[in-house]
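Have the sequence and the 3D view ready as you read.

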Amino acid sequence: MTKFNKNDNQIRFDFNNMMADYIGQEQGFKESDLAALNPTVKAAFESVKAQGGEGWQGWLDLPFNQDEIVADILDTAKAVRKGFKTFVVLGIGGSALGPIAVFQALKHLHYNELPYKMRKGPKFYVEDNVDPERMNALLDVIDVKTTMFNVITKSGATSETMSQYLVITDILKKALGADYASHVIATTDKEKGNLIKLAKKEGFKTFYIPSGVGGRFSEMSPVGLLPAAVLGIDIKKMLAGARDMIKKGFKTANPYHNMPLMAATLQYLAMQKGKNISVMMPYADSLKYIADWYCQLWGESLGKSVDKAGKEVYAGHTPVKALGVTDQHSQIQLYTEGPFDKVITLIAVDAFRQEMMIPEGLPEFPDVNFLCGNTMGTLLNTERKATEYALAKKHRLNRTISVPEVNEYTIGKLLMLFMMETAFVGAMLNIDTFNQPGVEEGKNATYAMFGRKGYEAKKAELDSAKAKSEKYIL
Ligand code: PA5
């Protein structure tokens with residue numbers, strides 16, 4: 001095995017195709033546009049840096065302060081790997097998207113279908129919905145007697161997760177009696193919410209989500225680290241990648257020497273110029289769900305009606321997920337010729353962990369034969385470069401993040417790059433990046449519709465809403 005070398009695992013950020021010299025004066029940015037933002041950029045840099053670890057920025061501390069927790073996670077993961085055939089995460093939003101993204105990135109793409117001797121760990125499922133068919137389907141393929149359930153909810157109150165908890169613990173109790181509690185691990189806030197109370201009452205093994213860490217910024221906390229460790233992923237390397245990105249991101253307020261800050265500055269400038277959509281398009285199946293994770297991070301953090309001063313701003317930048325090359329045959333037509341309203345971020349992987357040779361064999365068909373003797377990885381990366389070229393030729397803002405290889409270290413770095421970019425843009429917009437009042441409204445309306453105690457006023461508000469007209473329902 002070759003020795004891991006950090007220098008060979010550096011992420012690169014190419015923003016040539018955001019610049020006027022490369023995509024044209026009308027759509028592209030000039031260095032003077034960036035320079036004009038210097039005061040805003042510097043203020044954002046200072047504010048995110050100063051608040052690291054405080055308030056809702058506890059996520060910036062996670063790669064530095066979890067030695068004891070990591071040791072506990074590794075012990076627990078070892079026991080789970082030894083004693084259980086399946087590991088199921090019950091959670092939603094920030095309590096599910098990170099574990100899904102990291103699983104897809106770092107494990108075999110058909111992991112659950114592999115025989116145990118190749119998998120070498122429990123099967124893995126994340127239930128991030130309350131679709132009854134999906135829950136039934138899960139129960140059809142697992143045996144609860146050999147399954148560990150990790151219930152993850154920061155608030156300890158989310159209806160989806162608590163309903164999953166109720167369904168599963170009911171089945172577990174019937175199957176296992178009092179021993180059922182040894183099949184549940186709770187990951188939640190240390191003090192707030194129902195899950196911590198239940199965990200104490202029932203005696204579940206518990207991990208805590210630090211108070212300053214919100215759901216979408218929690219992948220480096222036990223939310224993401226425990227599932228990853230159970231899957232045999234090297235979580236220390238993931239944290240090392242995140243740590244190195246933080247160190248880089250706080251070294252200087254000069255965006256030309258600071259990747260997350262430059263990434264943020266470009267997006268902020270794009271927003272100022274009315275480019276309201278951010279497309280995340282990894283060119284690797286392993287990174288497919290990083291785009292899903294990113295959509296929540298970007299959408300929920302930046303979509304805000306008011307700024308910190310209470311002024312109505314209706315900020316936001318609509319995230320869209322795409323997959324290269326798959327979506328070249330679906331969305332690229334729109335991105336190349338549709339409205340000038342997007343920034344497209346391509347994620348490139350320089351070297352795939354496995355290759356597939358396209359064999360020789362069709363010399364009589366030159367239209368196909370040109371592919372022969374190349375690898376699929378070469379084809380994929382060539383198509384990415386061709387797409388980048390086509391986008392630039394049509395004056396479309398695009399940027400490429402290149403990852404030398406998908407591994408624990410580069411994934412830690414990549415996730416932290418996007419979290420820092422989001423925090424910097426939020427600071428530039430002067431909004432609260434870490435709240436989600438729009439999500440709370442929907443949650444509260446659900447409680448009211450179910451007649452939950454304490455939500456009587458909300459129920460009255462809903463009841464007094466204008467009744468729908470049959471005229472508009474066909
Ligand atoms: O980012 C967030 O804070 C939210 O999207 C939450 O992750 C989501 O609502 C689930 O919340 P909880 O972890 O409290 O169950």
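## Contacts with the ligand

An N or O atom in the side chain of Gln 296 is 2.6 Å from an oxygen atom of the ligand; a polar contact here is a pair of N or O atoms within 3.5 Å. The protein covers 92% of the 380 Å² of accessible area that the ligand has on its own, with areas taken from the Shrake-Rupley method with a 1.4 Å probe. A polar side-chain atom of Ser 155 also lies 2.7 Å from an oxygen atom of the ligand. From Gly 215, a backbone N or O atom lies 3.3 Å from a ligand oxygen.

## How the model is read

This is a predicted model, where local features need pLDDT of at least 70 and side-chain atom pairs pLDDT 80 or more, while totals for chains, interfaces and linings use all residues. Residues are numbered from 1 along each chain as its sequence is written, and side-chain values use heavy atoms, leaving out hydrogens and water.

## Around the ligand

How many residues surround the ligand? There are 14, and the closest are Ser 95, Thr 153, Thr 158, Gln 296 and Glu 300; a residue counts if one of its heavy atoms lies within 4 Å. By class, this shell has one nonpolar, nine polar and four charged residues. In this grouping Asp, Glu, Lys and Arg are charged, Ala, Val, Leu, Ile, Met, Phe, Trp, Tyr, Cys and Pro are nonpolar, and the others, including Gly, are polar.

Key:
A polar contact is a pair of N or O atoms within 3.5 Å; within protein, one must be able to donate a hydrogen and the other to accept it, and residues adjacent in sequence count only if both atoms are side-chain atoms.
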